[in-house]
Amino acid sequence: MSKVRNGVLALSLACASAMILIAAANAEQAKEQAKHPGLQLLRDKCFQCHTDSMWRDARQDARWWEGALYRMVGRGGIWTTEEIKLMADYLGTDFGPNAKPPEPAK
Ligand code: HEC
């Protein structure tokens, strides 16, 4: 094989593996998003003021979370009712009364 052909081969291999990596990352992201739309919202919106250490240990139902989110609105969070509902719904599931206890801090 000529040097040029080898080069072309190496290049297309590199492209192919890059594409596989990107596809895997997208699939990972899609899985995360599919988990609950409120989770993505939460990531976008809570961390501008504090980390999840503020609420990670809480185990409450969606109604309590909705109340907590309205407290955040009082503190400056600007969100729609729809966003608040989605986030409260997510929190009430993954951080609900029946959720497993928080993992010990590392
Ligand atoms: C505009 C700023 C801001 C944003 C955005 C924000 N918070 Fe807060 N949050 C605060 C402040 C200020 C406190 C009080 C901190 C303290 O007591 O030291 C707080 C405290 C809390 C507390 C504990 C006290 C309470 O009132 O229950 C929870 C739970 C909480 N935040 C949840 C959230 C969640 C969930 C989000 C994302 C949806 C969020 N926060 C986004 C400002 C914010």
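Guide: In this predicted model, the axes of α2 and α4 come within 8 Å and cross at roughly 110°. Axes here are lines fitted to C-alpha atoms, for helices over the stretch in contact, and angles run from 0 to 180 degrees between N-to-C directions; helices are DSSP runs (H or I, at least four residues), numbered from the N terminus. The two helices α2 and α4 are therefore roughly perpendicular to each other, given that angles under 35 degrees count as roughly parallel, over 145 as roughly antiparallel, 65 to 115 as roughly perpendicular and the rest as oblique. On the α2 side the contact (heavy atoms within 4.5 Å) involves Pro37, Gly38, Leu39, Leu41, Leu42 and Lys45, and on the α4 side Glu83, Leu86, Met87, Tyr90 and Leu91. By class, these residues are eight nonpolar, one polar and two charged, where Ala, Val, Leu, Ile, Met, Phe, Trp, Tyr, Cys and Pro count as nonpolar, Asp, Glu, Lys and Arg as charged, and the others, Gly among them, as polar.

Helix α4 (residues 81-94) also packs with α3 (residues 62-74), at an angle of about 135° and with the axes 8 Å apart. Helices α3 and α4 are therefore oblique to each other. From α3, Ala62, Trp65, Glu66, Leu69, Tyr70 and Val73 meet Thr81, Ile84, Met87, Ala88, Asp89, Leu91 and Gly92 of α4. This contact of α3 with α4 comprises nine nonpolar, two polar and two charged residues.

Residues are numbered from 1 along each chain as its sequence is written. Local features need pLDDT of at least 70, side-chain atom pairs count only at pLDDT 80 or more, and totals for chains, interfaces and linings use all residues, while side-chain values use heavy atoms, with hydrogens and water left out.
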